[in-house]
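Subject: Structure handover

Hi,

Here is the structure I promised.

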Amino acid sequence: MAQFILSSFRGHLTNNATKISFKTSLLRPLLLNNNFSTTTPNNNSIQNITVYGSGLMGAGIVQVAAQNGFKVTMVDIEQAFIEKGKKIIDASLSRIAKKQFKDDENSQKSFIETTWSNIKTETNSEKGAENTDLIIEAIVENLETKQNLFKKLDKISKPNTIFASNTSSLPISEISKITERQDKFAGLHFFNPVPQMKLVEIIKNDQTSEDTYQKLVDVTKRMKKTPVTCKDTPGYVSVRLAERGEATTEDIDTAMKLGAGMPMGPFELSDFVGLDTLKSIVDGWRKDGKIDAGLVAPIKKLDDLVKEGKLGRKSGAGFYTY
């Protein structure tokens with residue numbers, strides 16, 4: 001399911017999918033272990049961040065980091081992808097500037113220019129890793145691709161550089177095991193759209209050090225986000241709520257927006273992310289065989305939509321018609 005769904009149920013899997021109630025899912029943010037740091041920026045804190053991936057998530061992370069004073073490098077494999085990411089950031093900054101400085105064009109301009117002054121771009125992945133304190137990966141949701149990237153970066157990054165993945169479905173322990181810095185590796189999952197969503201999940205593997213964890217808490221708080229701690233377990237696909245007839249697609253989306261304060265409901269967000277992407281994630285869990293088969297069984301509604309070419313917003317139809 002979409003990034004919100006995949007993560008908002010992280011750590012709440014049970015042996016029987018039908019035992020997971022919609023009411024419980026709404027309480028997810030309240031049930032997490034909120035371990036907030038009281039540290040403040042110092043000479044040992046993270047100042048320079050590199051983000052791999054310039055799509056919606058990557059560009060959003062770059063933007064919020066740059067807005068809050070971090071020096072950020074946005075890396076992608078092609079300049080065309082970089083340009084798309086820059087357009088995403090520019091459009092978002094313009095909206096924020098107009099909202100924050102409604103009648104002050106000079107302040108709007110200054111806000112945008114200051115943010116852009118903190119951003120640089122790079123298509124050379126090795127150069128992007130030079131002299132950075134934190135690397136955040138936000139590329140395609142494929143375990144092997146992520147592992148290959150981190151394996152390469154592990155050899156060229158500074159020994160104290162922290163690695164983080166924005167994955168919403170893959171185990172951090174599996175991604176990190178190919179590196180020599182598992183103590184400096186964690187999940188750092190932002191929610192979409194990044195500039196608007198306050199919650200950030202910090203997912204620790206068994207070897208993540210306390211120093212790494214505290215630095216990531218500090219980073220997220222300096223980005224004006226609210227960090228919560230999660231166990232390294234896969235998310236849960238709550239489209240089954242609708243499939244079981246417990247609520248309609250529309251009612252679930254309405255409940256999540258009005259009851260949990262989400263800007264988009266889970267099905268709206270699924271269409272936004274792409275149903276083919278979501279199906280790929282669920283199929284990957286099932287193939288992996290590490291999750292109870294009942295939780296990752298094929299979802300007829302999702303499979304049918306993908307088969308019909310209804311992939312969400314990008315195709316003009318998904319759970320909804322656009």
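Start with Lys224. Lys224 counts as exposed, because its relative accessibility is 56% (exposed means over 50% relative accessible area, buried under 20%, partly exposed in between, with a 1.4 Å probe and protein chains only). Lys224 is not a glycine, yet its phi is positive, about 65°. Look for Lys224 in the loop between helix 10 and strand 8. Helices (H or I, at least four residues) and strands (E, at least two) are DSSP runs, numbered from the N terminus.

Some ground rules. This is a predicted model, with residues numbered from 1 along each chain as its sequence is written, and side-chain values use heavy atoms, leaving out hydrogens and water. Local features need pLDDT of at least 70, and side-chain atom pairs count only at pLDDT 80 or more, while totals for chains, interfaces and linings use all residues.

**The whole chain**
The protein chain holds 15 helices and eight strands. It has 322 residues, and 49% of them count as buried. Now take contacts (heavy atoms within 4.5 Å) between residues at least 6 apart in sequence. Of these, 69% join residues at least 24 apart.

**Helix 10**
Helix 10 covers residues 210-222, 13 residues in total. From first C-alpha to last it reaches 18 Å. That is close to the expected 18 Å (1.5 Å times one less than the number of residues). Its buried residues include Thr212, Tyr213, Leu216 and Val219. What do the buried residues of helix 10 pack against? They pack against six strands: strand 1 (48-52), strand 4 (134-137), strand 5 (162-165), strand 6 (185-190), strand 7 (199-204) and strand 8 (226-230).

Asp218 also sits in helix 10. Asp218 counts as buried because its relative accessibility is 6%. Asp218 and Ser45 are 173 residues apart in sequence, but their C-alpha atoms are 8.0 Å apart in space.

**The core**
In soluble globular proteins, nonpolar side chains tend to be buried together. The largest nonpolar core here has 37 residues (a core is a set of buried Ala, Val, Leu, Ile, Met, Phe, Trp, Tyr and Cys residues joined through side-chain atoms within 4.5 Å). Helix 4 (residues 56-67) gives the largest share of this core, seven residues. Among the residues with the most contacts inside the core are Ile49, Phe70 and Met223. Ile49 touches Phe70, Leu134, Ile136, Val219 and Met223, among others, not counting residues up to four places away in sequence.

**Backbone details**
Asn131 has a positive phi of about 55°, although it is not a glycine. Asn131 lies in the loop between helix 7 (125-128) and strand 4. Asn131 is exposed, because its relative accessible area is 58%.

Where is the cis peptide bond between Asn192 and Pro193? Pro193 is in the loop between strand 6 and strand 7. Omega for this bond is about 0°.

**After helix 15**
Gly312 is in the segment after helix 15 (300-307). Is Gly312 buried or exposed? Gly312 counts as buried, because its relative accessibility is 0%. Its C-alpha is 8.6 Å from that of Glu268, 44 residues apart along the chain. Gly312 touches Asp271, Leu275, Ala317, Gly318 and Tyr322, with residues up to four places away in sequence not counted.

Best wishes
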